Amino acid sequence: MKKIALIGCTGNIGQKVVDAVRCYPEKFCFSALVCGKNRDALHALQEEFHPPLAFCAADGALPLDEIFSSCDIAFLAPSGFAGLEYALAAARQGKVIALSNKESLVAGGELLMKEVKDRGATLIPVDSEHSAIFQALSCRLDTPFKKLILTASGGPFLRLSKEELEHVTPKDALRHPTYAMGRKITIDSATMLNKGYEVIEAKWLFSTTFEKIETLVHPESIVHSLVCFEDGATIAEMGYPDMRVPVRLALTYPERLPCGEDLDLTKLQTLHFEQLDKEKFPCFTLALEAGKSGGTAPAALNGAAEVAVDAFLKGGISFPKIAEIILYALDKTPIAQADAFETVKAADQLARAHAKRYLYDL
Ligand code: MG
């Protein structure tokens, strides 16, 4: 019986973990459940699963060490920068960490990877692209490869012109063509910031360089990512877009549980691939540049992005303004070494303050 400490238990990915536990009560149980702010949903899960520990993050500081101390797997699916503290706490205890929260690697990759290495923790990717790569690498993070290719659906605005992007609404942006996800990540997919994040995430997870990671737009989201090897062989993981697959694999790998639908290639007939339009989606390049700058730059990027996306969702700014706000806050936030949580958090806070300042001045 694997004991899971689930952070973000009421969110989109959290619910898929809950489903797995519901389907396989002989294999899994919860040692702790933590939600962001949805207390009612948390109470319902407590009634159903009776975890020894349950907390709502909105109620105040959490006993992180206690939350992770008795688990076999720390499943981290909270939203945004908040994920970093959980990831660091779980890593400090040398746990197996199923990582769905990509912001922890974007904002604090250097810090988190050091903790993982020093404490003998294990990171298991949950993001569909990274899970695909993990599978193509035989469920290992250290298999040698020549190049990684991350696929991107292109989001809901793939075929819109730059001018048309001026007029899209939050409702348009929330209509993702292939995946149903949380609101923040759906907007990040529409701006392609998400793909930039995923490049940074891949760099840390697979201990590689930005030069060895490419991206490719693939509107059908059937090929979830590819790995190219030295000898010219390329291995792709394919399937219908279904986050239950990477979620369950992270819980049981290398074992697999029955889960998704079998892929029928004759029904699909054709798969399309094209280059990402970096001019139309400047957030992608902003993320990549922040990643290459290193230090606290990606933390500042993420802090500014969380403020900008929130403003867009509330109808306060146009879609292209998201990139403008991120660029503005990045320029204003000095880059420091990302060697302590406090430094990373300070960059996050400062970038948020600059982003809010920009919004205030609009
Ligand atoms: Mg993804």
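Let's begin with a quick one: is His-130 buried or exposed? His-130 is buried, because its relative accessible area is 0%. Keep in mind that this is a predicted model.

Where does His-130 sit? It is in helix H6. What does His-130 touch, leaving aside residues up to four places away in sequence? Its contacts are Pro-125, Leu-150, Glu-198, Glu-201, Ala-202, Leu-205 and Phe-206.

Now the whole of H6. 9 of the 9 residues of H6 are buried, so the helix is largely enclosed by the rest of the structure. Among them are Ser-128, Ile-133, Phe-134 and Ala-136. What do these buried residues pack against? The partners are strand E6 (122-125), E7, H10, strand E9 (223-228), strand E10 (234-238) and H11.

Look just past the end of H6. There, Ser-138 takes a positive phi of about 60 degrees. Ser-138 is not a glycine, yet it has that positive phi. Its place is the loop between H6 and strand E7 (147-152). Ser-138 counts as exposed, because its relative accessible area is 57% and the cut-off for exposed is over 50%.

Next, the metal. Which residues coordinate the magnesium ion? They are Asp-127 through OD, Glu-129 through OE and Glu-198 through OE, at 2.1 to 2.2 Å. Along the chain, the donors follow the spacing D-x1-E-x68-E. Glu-129 and Glu-198 link distant parts of the chain. Glu-129 lies in helix H6 (residues 128-136), Glu-198 lies in helix H10 (residues 193-205), and they are 69 residues apart.

How accessible are these two? Glu-129 has 9% relative accessibility, so it counts as buried. Glu-198 has 1% relative accessibility, so Glu-198 counts as buried too. And recall that Glu-198 is one of the residues touched by His-130.

Stay with H10. Leu-193 is also in that helix. Leu-193 is buried, because its relative accessible area is 0%. Not counting residues up to four places away in sequence, Leu-193 touches Asp-188, Cys-283, Phe-284, Ala-287, Leu-301, Ala-305 and Ile-326. Leu-193 and Ala-305 are 112 residues apart along the chain, and their C-alpha atoms are separated by 8.6 Å.

How do helix H9 (residues 183-191) and helix H14 (residues 297-313) pack? Their angle is about 100 degrees, and their axes are 10 Å apart. H9 and H14 are therefore roughly perpendicular to each other. From H9, the contact residues are Arg-183, Lys-184, Ile-187 and Asp-188. On the H14 side, they meet Asn-302, Ala-305, Glu-306, Val-309, Phe-312 and Leu-313.

On to H5. Where does H5 bend? The bend is at Gly-109, by about 100 degrees. A straight helix of 17 residues would span 24 Å at 1.5 Å a residue, but H5 spans only 21 Å between its end C-alpha atoms.

H5 is mostly covered, with 12 of its 17 residues buried. Gly-109, at the bend, is one of the buried residues. Others include Glu-103, Leu-105, Leu-112 and Glu-115.

Lys-117 belongs to helix H5 (residues 103-119). Is Lys-117 buried or exposed? It counts as exposed, because its relative accessibility is 71%. The C-alpha atoms of Lys-117 and Gly-94 are separated by 8.9 Å, and the two residues are 23 residues apart along the chain. Just after H5 comes Gly-120, with a positive phi of about 65 degrees.

Two backbone points to finish. First, which residues are joined by a cis peptide bond? Tyr-253 and Pro-254 are, with omega about -5 degrees. Pro-254 lies in the loop between helix H11 (244-252) and helix H12 (265-268).

Second, His-50. This residue is not a glycine, but has a positive phi of about 45 degrees. His-50 is placed in the loop between helix H2 (39-49) and strand E3 (53-56). His-50 counts as exposed, because its relative accessibility is 60%.

That's the tour. I'm happy to go back to any of these views.

Notes
Residues are numbered from 1 along each chain as its sequence is written. This is a predicted model: local features need pLDDT of at least 70, side-chain atom pairs count only at pLDDT 80 or more; totals for chains, interfaces and linings use all residues. Side-chain values use heavy atoms; hydrogens and water are left out. Donors are N, O and S atoms within 2.8 Å of the metal (3.2 Å for Na, K and Ca); water is not among the atoms, so sites may look incomplete. Helices (H or I, at least four residues) and strands (E, at least two) are DSSP runs, numbered from the N terminus. Buried means under 20% relative accessible area, exposed over 50%, partly exposed in between (1.4 Å probe, protein chains only). Contact means heavy atoms within 4.5 Å. The expected span of a helix is 1.5 Å times one less than its number of residues. The bend at a residue is the angle between axes fitted to the seven residues ending there and the seven starting there. Axes are lines fitted to C-alpha atoms, for helices over the stretch in contact, and angles run from 0 to 180 degrees between N-to-C directions. Angles under 35 degrees count as roughly parallel, over 145 as roughly antiparallel, 65 to 115 as roughly perpendicular and the rest as oblique.
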